[in-house]
Amino acid sequence: MLMRGMRKAIHKFRGGAHVPHHKDTAELESVRMPAPATVVLPMQQHIGAPCTPTVKVGDQVFVGQVIGDSDAFVSAPIHAPISGTVKAIGPFLLSRGVSVEAIHIESDGQETLWEGITKPEINNKADFLKAVRASGLVGIGGAGFPTHVKLNIREGVTVDTLVINGAECEPYITSDYREVMENADHIINGIRRVMEYTGIPNALIGIENNKPKAIALLAEKIVAGGLEDRIQVVELPSHYPYGAEKMLVYATTGRTVPLGGLPHDVGVVMVNISGIAILDDYLDTGIPLIRKRVTVAGKAIARPSNLIVPIGTSIQDVVDFCGGYNVEPDKIVAGGPMMGAAKYDGAAPIKKQDNSILCMTSDETFAPIDEPCIRCGRCVDACPMSLMPTMIERYARLDNPEMLKKLNASACMECGSCAFECPARRPLVQYLRQGKQVERKAVAK
Amino acid sequence: MNKLTVTASPHIHSGASTRRIMLDVVIALIPALIAATFFFGTRVLLLTAATVSAAILAEMASRMVMKRDTDTIYDFSAVITGLLLALSFPVSLPVWQAALGAAIAIVVIKQMFGGLGQNFVNPAIAGRLVLMFSFPVALSAVWTPPLFGSAADAITTATSDVVTTATPLALLAEGAPLPSYWELFIGAHAGSMGETSILALLIGAAYLLWRRVISPVIPVTFIGTTLLIVTLAGEDPLVHLMTGALVIVAFFMATDYVTAPMNFKGRVVFGVGCGIITALIRLFAALPEGVSFAVILMNILTPHIETLTQPKAFGQKGGKD
């Protein structure tokens, strides 16, 4: 039933996958995890230029202090999530195979707030964008695109709609849902503030209909605030990947982001729902993005939970806090099961973009087996971008950038719908990444 | 801790498997096999056993020769080739010829081109055509009447060892009287073993559609185009629908993944092309039936159809807004 303050999706996108939900942690209230003994902070937790450490080994650091920053526009500062001593600064291998520097901090057990923390003073749009950058906020739903870059709308571009991504279409993850249930006022207030400072007149919050309580709660808050003319909750079908940027813009506003384009091209800016709450909190307190909600789930974990963890906490520490393993996990995934990255060991730290840690047993996950492609076309049907994954795979293997360009390989967002549906269990996403690489290299030449 | 598995995303899967898809096709062909046995006797089962076992053995032997793993015999794809081939034969075909057809289909058409997923034409159709050119009389001139129905008495030729009659399509070409619609529908007429019972074929087709193993695009456009053209030519579309191999080929062979386009537009072009060629052969060529040629010609065109009908990507200029 539609209440005031909400409406249905305008469009349904073609393709996608009927993934299982597994939202078993939905009603588990978030628990604040105490500071672990050590944290590791890679200097790249976003898309764009890596940060340079602004502290030295042996330095004393405090909660919320900037420890890494960059002069580049497309970047976001990194802050100390705990107080303690910088023990080491050394190379760190990101899951995509790139090495960056990482700062290791040993906790003093105090969690002392940095004295430089001040509530930002905002008088105009420039102040606001500076504050967003200073908050360290990036696309914490997975991609890690710096939020201040998104909100910096170029001269001549008209953005009329702020789309808030609360779809949470990945199985298992309930951290955005918990954010809504526990922090709805911050979300609405954050949206209101972004609209006010950037001059975007309307906002739409997209949430899948498997979270009716979250939809109802936000609609209620919108109506209570008298904001229903400007902010609305859009009830999305529960289908993967409604949380993908282009699919969500299409569903909420009815607009199609052009191939190779950005939401700005159709007058839209998109921010993750938990990100909005973090931003609102920063504007109130000056405490930047140093902790975030993470769903810990999977059959192997003893106590599935929603935690508010310091960024940089190792997966092992999170697992220990959740009572360890029931059984040995076969895979540990940071992020959702459709797009998350499998980890080599529990030492990997939680980054800004990680919204879940999945400890999966071998019967709930799968390993690709790479049987021959039978050209069944399920990948073609599943691709929400209307690409032909198996053809892209073929030309990636043939190292043929011309055909890859014709097949629009670079438009692939690696949602994994194709590989999820593939009866031959081919690692299609891996091949698609290869195809994108081949195409990119040819363009670079 | 044990070693963790590290693979590219996604980390969950729908559970679909090639084996299950192939098994579904086998299941879908069982009604046709039962109907064939009912109308043409237990020799149907003998021929089917011969083609299926020849297909599996040929797959195993050829892969052993090529030093490739022979586990592929368990994926049911060779079983499908054997089954479809048997169902496309007249019941009187000598067993050795049937087995030879299956071996050619598997070794020459499938394995020599790289095995599952690599053949450029449908193995069963190609195997049948090779036999048709090698043994034209056994494959297209000797038709055993069904055990039941009016056609059972309509014996036109009797020699010492075989009793032959004419298929409805041949009768149609001669302007001779045909069995009733009901008899055509249930399969009580002369023809290849598995093609006569439209009822049994439609049960199997419905199963495949329900299991989403096949999409209706190719069968609908194929059959629709054929019937439209024959109707315009002044012939009875119901007779054309229920005689010859149109239904079995449209649902079970033209939908073969490997040799048909994967995209919607490509499938429409493929289906319409099959329909046009089938109708033209039926109406104007010396042969009474043309579905095999139609499908094999369109199989060959499939890579080009696919390239020319590539779907527009989401947000691509010229695509849907």
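Chain A contains 12 helices and 18 strands, where helices (H or I, at least four residues) and strands (E, at least two) are DSSP runs numbered from the N terminus. The structure is a predicted model, in which local features need pLDDT of at least 70, side-chain atom pairs count only at pLDDT 80 or more, and totals for chains, interfaces and linings use all residues. Residues are numbered from 1 along each chain as its sequence is written, while chains are lettered from A and ligands numbered from 1 in the order in which they are written.

**Confidence**

- The predictor assigns the complex an ipTM of 0.92 and a pTM of 0.92.
- For chain B the average pLDDT (the predictor's confidence in each residue, from 0 to 100) is 90, and 93% of the residues score at least 70.
- In chain B, residues 155-162 have a pLDDT below 50, and this stretch has 10 contacts in the model beyond near neighbours in sequence; two residues are in contact if their C-beta atoms, placed from the backbone, lie within 7 Å.

**Dimensions of chain A**

- Along the principal axes, the C-alpha atoms of chain A fill a box of roughly 60 × 50 × 50 Å.

**Helix 1 and helix 3 of chain B**

- The axes of helix 1 (residues 18-40) and helix 3 of chain B come within 10 Å and cross at roughly 25 degrees; axes are lines fitted to C-alpha atoms, for helices over the stretch in contact, and angles run from 0 to 180 degrees between N-to-C directions.
- Helix 1 of chain B is therefore roughly parallel to helix 3 of chain B (angles under 35 degrees count as roughly parallel, over 145 as roughly antiparallel, 65 to 115 as roughly perpendicular and the rest as oblique).
- From helix 1 of chain B, B:M22, B:V25, B:V26, B:L29, B:A32, B:L33 and B:A36 meet B:S77, B:V79, B:I80, B:L83 and B:L87 of helix 3 of chain B.
- This contact has 11 nonpolar, 1 polar and no charged residues (Ala, Val, Leu, Ile, Met, Phe, Trp, Tyr, Cys and Pro count as nonpolar, Asp, Glu, Lys and Arg as charged, and the others, Gly among them, as polar).

**Helix 3 and helix 5 of chain B**

- Helix 3 (residues 77-87) and helix 5 (residues 123-134) of chain B pack at about 45 degrees, with their axes 9 Å apart, and are therefore oblique to each other.
- B:T81, B:L84 and B:L85 of helix 3 of chain B make the contact with B:P123, B:A124, B:G127 and B:R128 of helix 5 of chain B.
- The contact of helix 3 with helix 5 of chain B has 4 nonpolar, 2 polar and 1 charged residues.
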